[in-house]
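Please keep the structure open while reading.

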Amino acid sequence: YQGITLASIVQREANNAEDQAKVAQIFYNRLHQDIPLGSDVTVQYAVDLVDPNRETYTNNALALEIDSEYNTRKNPGLPYGPIANPGLSALQAAATPDDSMGEYIYFLTGDDGLMYYSITDSEHQQNIVDHCQELCGVAL
């Protein structure tokens with residue numbers, strides 16, 4: 001069940017099998033270090049459950065504060081259950097993550113649709129500056 005839950009998050013975070021395996025490993029790294037997953041797609045799911053028309057959660061700052069077990073920005077560990085139907089590649093990624101990503105903690109999807117990975121927060125912040133001016137500001 002936990003594997004399916006993780007695969008469901010991976011499914012929503014990454015579009016192809018290679019990136020899904022990398023993202024799965026990053027989530028495992030975070031889980032093993034007791035770092036919250038910090039997944040925006042889980043926050044989006046939480047908001048969709050209670051406020052699908054965004055009448056209360058009108059901006060990202062409000063959305064990120066939602067009191068929900070699905071808010072992996074605030075709560076450590078996996079959420080209560082799956083947030084989507086994972087495909088085969090996401091299930092495989094959760095079962096066999098890319099172990100070459102063993103030190104990585106951060107990822108983002110850039111404005112160009114490519115995934116960018118980093119080990120430190122300062123590298124991650126630079127990736128945001130270099131690659132994510134539009135997508136990183138999109139409302140959850």
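Helices (H or I, at least four residues) and strands (E, at least two) are DSSP runs, numbered from the N terminus. The model is a predicted one, in which local features need pLDDT of at least 70 and side-chain atom pairs count only at pLDDT 80 or more, while totals for chains, interfaces and linings use all residues. Residues are numbered from 1 along each chain as its sequence is written, and side-chain values use heavy atoms, with hydrogens and water left out.

The buried residues of H2 are Asp19, Gln20, Ala21, Lys22, Val23, Ala24, Gln25, Ile26, Phe27, Asn29 and Arg30. Buried means under 20% relative accessible area, exposed over 50%, and partly exposed in between, with a 1.4 Å probe and protein chains only. These buried residues of H2 pack against H1, H5, E1 and strand E2 (115–118), where contact means heavy atoms within 4.5 Å.

Ala21 shows one part of this packing. Ala21 is in helix H2 and counts as buried because its relative accessibility is 13%. Leaving aside residues up to four places away in sequence, Ala21 touches Ala93, Thr96, Pro97 and Asp98. The C-alpha atoms of Ala21 and Ala95 are separated by 8.9 Å, although the two residues are 74 apart along the chain.

Which residues of helix H5 are buried? In H5 (residues 88–95) they are Ala90, Ala93 and Ala94. They cover an arc of only 95° around the axis, which puts them on the same side of H5; the arc is that of the directions from the helix axis to the C-beta atoms. The face of H5 turned away from this buried side carries the exposed residues Leu88 and Ala95. The cover over the buried residues of H5 includes helix H1 (2–13) and helix H2 (17–32).

Next come the charged side chains. The whole structure contains four salt bridges, a salt bridge being a side-chain nitrogen of Lys or Arg within 4 Å of a carboxyl oxygen of Asp or Glu. One of them joins Lys22 and Glu18, at 3.3 Å from N to O. Both residues lie in helix H2, four residues apart, about one turn of the helix. Lys22 counts as buried because its relative accessibility is 17%, whereas Glu18, at 53%, counts as exposed.

Another salt bridge is formed by the side chains of Asp40 and Arg73, at 2.6 Å from N to O. This pair links distant parts of the chain: Asp40 is in helix H3 (residues 40–50) and Arg73 in the loop between helix H4 (60–63) and H5, 33 residues apart. Asp40 is partly exposed, with a relative accessible area of 31%, and Arg73 is partly exposed at 40%. A salt bridge also connects Lys74 and Glu65, at 3.8 Å from N to O. Lys74 is partly exposed at 41% relative accessibility, while Glu65 is exposed at 52%.

The rings remain. The structure holds two aromatic pairs. Rings of Phe, Tyr and Trp (its six-membered ring) pair if their centres lie within 6.5 Å; planes under 30 degrees apart count as stacked, over 60 as edge-to-face and the rest as tilted. Phe27 and Phe107 have ring centres 5.5 Å apart and planes at 80°, so the pair is edge-to-face. Phe27 lies in helix H2 and Phe107 in strand E1 (residues 106–109), so the pair ties together parts that are 80 residues apart in sequence. Phe27 is buried at 0% relative accessibility, and Phe107 is buried with a relative accessible area of 15%.

Tyr45 and Tyr70 also pair, with ring centres 4.8 Å apart and planes at 65°, so this pair is edge-to-face. The pair links distant parts of the chain, with Tyr45 in helix H3 and Tyr70 in the loop between H4 and H5, 25 residues apart. Tyr70 is buried, with a relative accessible area of 12%.

The charged end of Arg30 sits over the ring of Tyr106, 5.2 Å from its centre. A charge sits over a ring if NZ of Lys or CZ of Arg is within 6 Å of the ring centre and within 35 degrees of the ring normal.
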